[in-house]
Amino acid sequence: MSLPILPTISTSFIVLSAITVAIGWYQIKQRKIETHQKTMMWAAIFAVIFFTIYLSRTVFVGNTSFGGPDDIKIYYTIFLIFHIILATTGAVLGIIMLVTGYKKNYRIHKKIGPATSVIWFFTAITGVAVYFLLYVIYHGGQTTSLIKAILGS
């Protein structure tokens, strides 16, 4: 079985982002502030690379529908919605973390940083689960493209 290249690459970047967040969390606990800042910037870069690949693929290639059995499709859909909510929340909080860290607003940064990290970990875990459900455990369903729909091809 061959895995689709773009989803595999993009999922790898979200995993790298979560790993670097974990490393950054450890570094700040060790009071290694400069190293923490650099590591968290890498975490953000990996997340942006993920999002860029994901968005490009969604626009130009399309979304892959669930290809598993119909009787579990509702559970997959609920899980996917949960993942999307986590990812959106994690992204917004991540941006707040970057801004508060850059502006040295450590009161807010320290207060919501741990929760942001935990949300990001769950985002990565659920993202990998979605990947496995779409491409490893079941074969992906139909792929629909916004561009193709607009252009009529």
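Student: Which backbone oxygen lies 2.8 Å from a polar atom of the side chain of T11?
Tutor: That is the backbone oxygen of P7. A polar contact here is a pair of N or O atoms within 3.5 Å; within protein, one must be able to donate a hydrogen and the other to accept it, and residues adjacent in sequence count only if both atoms are side-chain atoms. Please note that this is a predicted model, in which local features need pLDDT of at least 70 and side-chain atom pairs count only at pLDDT 80 or more, while totals for chains, interfaces and linings use all residues. Residues are numbered from 1 along each chain as its sequence is written, and side-chain values use heavy atoms, with hydrogens and water left out.

Student: Is T11 buried or exposed?
Tutor: T11 is buried, because its relative accessible area is 13%; buried means under 20%, exposed over 50%, and partly exposed in between, with a 1.4 Å probe and protein chains only. T11 is placed in helix 1. Helices (H or I, at least four residues) and strands (E, at least two) are DSSP runs, numbered from the N terminus.

Student: What does T11 touch beyond its neighbours within four places in sequence?
Tutor: T11 is in contact with F50, V128 and Y131, where contact means heavy atoms within 4.5 Å.

Student: And I9, where is that?
Tutor: I9 is also a residue of helix 1, but I9 is partly exposed, at a relative accessible area of 32%. Together with I5, L6, F60 and V61, I9 makes a nonpolar surface patch of about 450 Å². Helix 1, residues 5-29, gives the most to this patch, namely three residues.

Student: New topic: how far apart are the end C-alpha atoms of helix 3?
Tutor: They are 47 Å apart, which agrees with the 48 Å that its 33 residues (70-102) should span at 1.5 Å a residue. The expected span is 1.5 Å times one less than the number of residues.

Student: Which helix do its buried residues pack against?
Tutor: The buried residues of helix 3 pack against helix 4 (106-136). Among them are Y76, H83, L86 and G90.

Student: What follows helix 3?
Tutor: Helix 3 is followed by K104, which has a positive phi, near 60°.

Student: Finally, how many helices and strands does the chain have?
Tutor: The chain has five helices and two strands, in the order α-α-β-α-α-β-α from the N terminus on. Of its 153 residues, 30% are buried.

How values were computed
Patches are made of residues with over 30% relative accessible area and no salt bridge: like charges are joined within 9 Å, nonpolar side chains (Val, Leu, Ile, Met, Phe, Trp, Tyr) within 5 Å. Accessible areas come from the Shrake-Rupley method with a 1.4 Å probe; for residues, only the protein chains shown count as cover. A salt bridge is a side-chain nitrogen of Lys or Arg within 4 Å of a carboxyl oxygen of Asp or Glu.
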